[in-house]
Amino acid sequence: MEFVVLGLGQFGSSLAIGLASKGYEVRALDLNMEAVTAVRPKISTAIQGDASESAALRELCVDGENVRVIVAFGASYEKSFLVVARLKEMGVTEIYVRSANALHEKVMGMIGVRGCFRVEEFAATQLADTLLCRGMTRFHRIDKTHSMADVPLPETWEGRTLMEVELRSKYRLNLVTLRRGKAQARGVEDEVVTLPEQPVIGTPTPDMPFEKGDTLVLFGKDADLKRFAEEFEQ
């Protein structure tokens, strides 16, 4: 897939850089030259221009078969409507719009926008989950009852193996991976609580010993995750 990000405010810039860091081709556009200059070294293409003008959109090749276009403007209703209209005229089908409220989202759906999202709503939910889950450094909901969470390794588990601690049989949780090593500062601020990013080590084997400073990336039911995190809260 290729991505085109229209609007390089804090959200748009973070999204563009985040997608590029995962190996995707990302092209972006904004009227503000400072914003364009800031992201240019980190993504495939960044140009200055008006997203409501067809010429600027054509320069970004928005109508490619595998292109997803994200309209990342904030609360500018008029501009987002005009940009979507231009994209529709060019035959773009994979359009995603940052909406300001439920009405904005409803109207976008009526004109055939693929998906809408409200960044503030998502951020508030993410922060609430993080604050309510003691003992966790990160919490990501999968569905209504299951989530993934980062939990610091319990001190009593240092030197022990996954097989020895009986994580699945005793706590009904699955270890997805481990974060281990020196944390690196994040390059973009795409989370409510911006945390240093420890590198992951892949898929842990049952006989691999845990080390001091490890972070467990766990999957399971919310109730089991919370019980585990609170039992070993440090």
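In the predicted model, the axes of helix H4 and helix H5 (residues 102-110) come within 12 Å and cross at roughly 15°, where axes are lines fitted to C-alpha atoms, for helices over the stretch in contact, and angles run from 0 to 180 degrees between N-to-C directions. H4 and H5 are therefore roughly parallel to each other, a term applied to angles under 35 degrees, with those over 145 counted as roughly antiparallel, those from 65 to 115 as roughly perpendicular and the rest as oblique. On the H4 side, Tyr-77, Ser-80, Phe-81 and Val-84 meet His-104, Val-107 and Met-108 of H5, contact being defined as heavy atoms within 4.5 Å.

Phe-81, which is found in H4, touches His-104, Val-107 and Met-108 when residues up to four places away in sequence are not counted. The C-alpha atoms of Phe-81 and Met-108 are 7.8 Å apart in space, although the two residues are 27 residues apart in sequence. Phe-81 is partly exposed, with a relative accessible area of 28%; buried denotes under 20% relative accessible area, exposed over 50%, and partly exposed the range in between, with a 1.4 Å probe and protein chains only.

Residues are numbered from 1 along each chain as its sequence is written. Since the model is predicted, local features need pLDDT of at least 70 and side-chain atom pairs count only at pLDDT 80 or more, while totals for chains, interfaces and linings use all residues, and side-chain values use heavy atoms, with hydrogens and water left out.

The chain has nine helices and ten strands, both taken as DSSP runs numbered from the N terminus (helices H or I, at least four residues; strands E, at least two). Of its 234 residues, 41% count as buried, and residues 24 or more positions apart account for 59% of the contacts in the chain with a separation of 6 or more.

The largest nonpolar core has 22 residues, and those with the most contacts inside it are Leu-6, Val-62, Val-69, Val-71 and Leu-87; such a core is a set of buried Ala, Val, Leu, Ile, Met, Phe, Trp, Tyr and Cys residues joined through side-chain atoms within 4.5 Å. At least two residues of this core are supplied by each of strand S1 (2-6), helix H3 (54-59), strand S4 (67-71), helix H4 (77-89) and strand S5 (95-98). Val-62, leaving aside its neighbours within four places in sequence, is in contact with Val-4, Leu-57, Val-67, Val-69, Leu-87, Met-90 and Val-92. A second, separate core of 20 residues includes Phe-139, Leu-225, Phe-228 and Phe-232.

The structure holds eight aromatic pairs, a pair being rings of Phe, Tyr and Trp (its six-membered ring) with centres within 6.5 Å, counted as stacked if the planes are under 30 degrees apart, edge-to-face if over 60 and tilted otherwise. The rings of Trp-157 and Phe-232 have centres 5.5 Å apart and planes at 65°, so this pair is edge-to-face. The pair links distant parts of the chain, as Trp-157 lies in the loop between strand S8 (146-152) and H7 and Phe-232 in the segment after helix H9 (222-231), 75 residues apart.

Gly-220, found in strand S10 (residues 215-221), counts as buried at 4% relative accessibility. Beyond its neighbours within four places in sequence, Gly-220 is in contact with Thr-145, His-146, Ser-147, Leu-173 and Leu-225, and its C-alpha atom is separated by 6.4 Å from that of Asn-174, 46 residues apart along the chain.

Most residues other than glycine have a negative phi. Glu-166, in the loop between helix H7 (162-165) and helix H8 (167-171), has a positive phi of about 55° although it is not a glycine, and Glu-166 is partly exposed, with a relative accessible area of 44%. Arg-172, found in the loop between H8 and strand S9 (174-179), has a positive phi near 60° and is exposed, with a relative accessible area of 52%.
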